[in-house]
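Dear colleague,

My notes on its interfaces follow it.

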Amino acid sequence: MSDTLASHMTGVIPTDNHANKFSVQKLDFFYGDFNALTDITVGIKENAVTAFIGPSGCGKSTFLRCLNRMNDLIPGTRNEGRVLLDGNDVYAPGVDPVDLRRRVGMIFQQPNPFPMSIYDNVAYGPRLHGVRKKAELDEIVEASLKRANVWKEVKDIMGRGGLTLSGGQQQRLCIARVLAVEPEVLLMDEPCSAIDPTSVQKVEDLMAELKDRITIVIVTHNMQQAARVSDYTAFFLQEVAGEPAHLIEYDRTASIFTSPRDRRTEDYITGRFG
Amino acid sequence: MQSRERVNKTTTNRIALGVIWLAAIATVGALGTILLYVIVNGIGQLTPAFIFSWPHGVNMEGGIWPTIQATLYVTILAMLITTPVAVLAAVYLAEYAVQGRLVQIIRFAADSLASVPSIVMGLFGLAAFVEGMGMGFSVMAAALALAFLLLPIIMRTTEEAIRAVPKYIRWGSYGLGASKWQTVSRIVLPSATPRIITGVILAAGRAAGETAVVIYTMGTMINAPILPTQPGRTMPVHLLLLAQEGINLPAAFGTALLLVLMVLAFNLTARYIVSRNRRMLG
């Protein structure tokens, strides 16, 4: 069903060998009475990087949090429509958001290491899910830190507090922490907007390495970054203040940035607003 | 452009600064004066013999050891009773309760409980525990009455401590597939612990210095209690009676000094715990 969906989406995605990991159908999202997002229909491709772009307040972060039900934690929010992960509605009764979030990990704009050692930060997830053996944990911690491009910098200071690292290192530690629970999807909410350029480079590199096995969705304000790292790009826009935001265009990144079909996309990409 | 101010900005600035300085000096000065007064009058008394021996005669001679033992005993027992209840109540209020009318009522009740005059709490302890439950004057009755006094204090400081844990740290935990209880017990409470401990220690200082509650619930008998069913006289009560009778003012000041030092030690410990944790985390 996820493949037939692609044909009647906003902005037709060229058929290719990527299957849809997420299929979102007619999603509306509300903060209390405020309809923040409306009529979002989109298929997010498996094992690829999808970028969400758009001006501040266009609902792209809100939409990202719909994918792993993080919005459940904000009182007074609700949504209509369907969000399918591998064909199953994540908002169906009986779905435990705790299980969902293990499969769909999240990185935030502000690096948020726990106030504990570097090692314990990475081991936190596996321990939650029942890994107890020291050797096994050691292995997971090392592998995760390596995949997150931060191993070399921290391998000799594993006992030190995670908060003693630089902002960029903290962000990669947080990525390692998520990778340690082996998620199928990684949601990144402006992961690079609060870190140094060297770390940005390392985060972009690791995204390229991870996408063989993990579906990545990144919200970014940085157009160059979207063009560099993503395979697909979705452009969101709230045209009138107080009205809900829409998904304006969704396509291969190359197409969006070279030949956008919608005038508003072109205006945004060329820096005419936002 | 010509300034229209009658008094220029620099002058008003200086006046404001001067007033603020005076207020600051008055605060520090008040504490300094009290401390100095107690130290000058009490320091001569503070000998090992005074601290570790029993009073004799009509308290005209000897030391105050049993009152120290009674004070520490009732304080520790009160903390042991109160802390778990207060912390769990705070976790419920901050993390689990649906924020709304009921929670507001609970919070208002806690604040009201905190502002009940301690003499009323003593009277309640006398009626409920000493007589009603037949405990008699005892450390246990006093600890329970103190618990009512301390509960809202520890509960509110714990609640503030829990709320001060940033949302994005919790989200990091939820984002890894942690359940609510896993997040609360492994991330939120450990992060809040230094501030919770600070609140508990400050409350302990309050308990150690409390007079009205304990005089009605554990009596005035000079006794070094071993069992919680035994009565005793705490340091503040001893101080009150010595000063009232006027028979041994030096011993009263010695007791006062020791009490102040004890509470000061509590406060310094609290500060130390906070600063040590800040170093470890930062």
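Buried area here is the accessible area (1.4 Å probe) that two parts lose on being put together, summed over both. This is a predicted model, in which local features need pLDDT of at least 70 and side-chain atom pairs count only at pLDDT 80 or more, while totals for chains, interfaces and linings use all residues. Residues are numbered from 1 along each chain as its sequence is written, chains are lettered from A in the order in which they are written, and side-chain values use heavy atoms, with hydrogens and water left out.

Within chain B, an automatic or database assignment gives domain 1 (9-45) and domain 2 (50-281). The area buried between domain 1 of chain B and domain 2 of chain B is about 710 Å², with 81% from carbon and sulfur atoms. The side of domain 1 of chain B that touches domain 2 of chain B comprises 5 nonpolar, 3 polar and no charged residues (Gly counts as polar; Tyr, Cys and Pro are among the nonpolar).

Between the chains, 28 residues of chain A are in contact (heavy atoms within 4.5 Å) with 18 residues of chain B. Chain A and chain B bury about 2,000 Å², 69% of it on carbon and sulfur atoms. On the chain A side, P115(A), Y124(A) and L128(A) lose the most area to chain B, together 27% of what that side buries. There are 0 salt bridges between chain A and chain B, a salt bridge being a side-chain nitrogen of Lys or Arg within 4 Å of a carboxyl oxygen of Asp or Glu. The side of chain A that touches chain B divides into 17 nonpolar, 5 polar and 6 charged residues.

With kind regards
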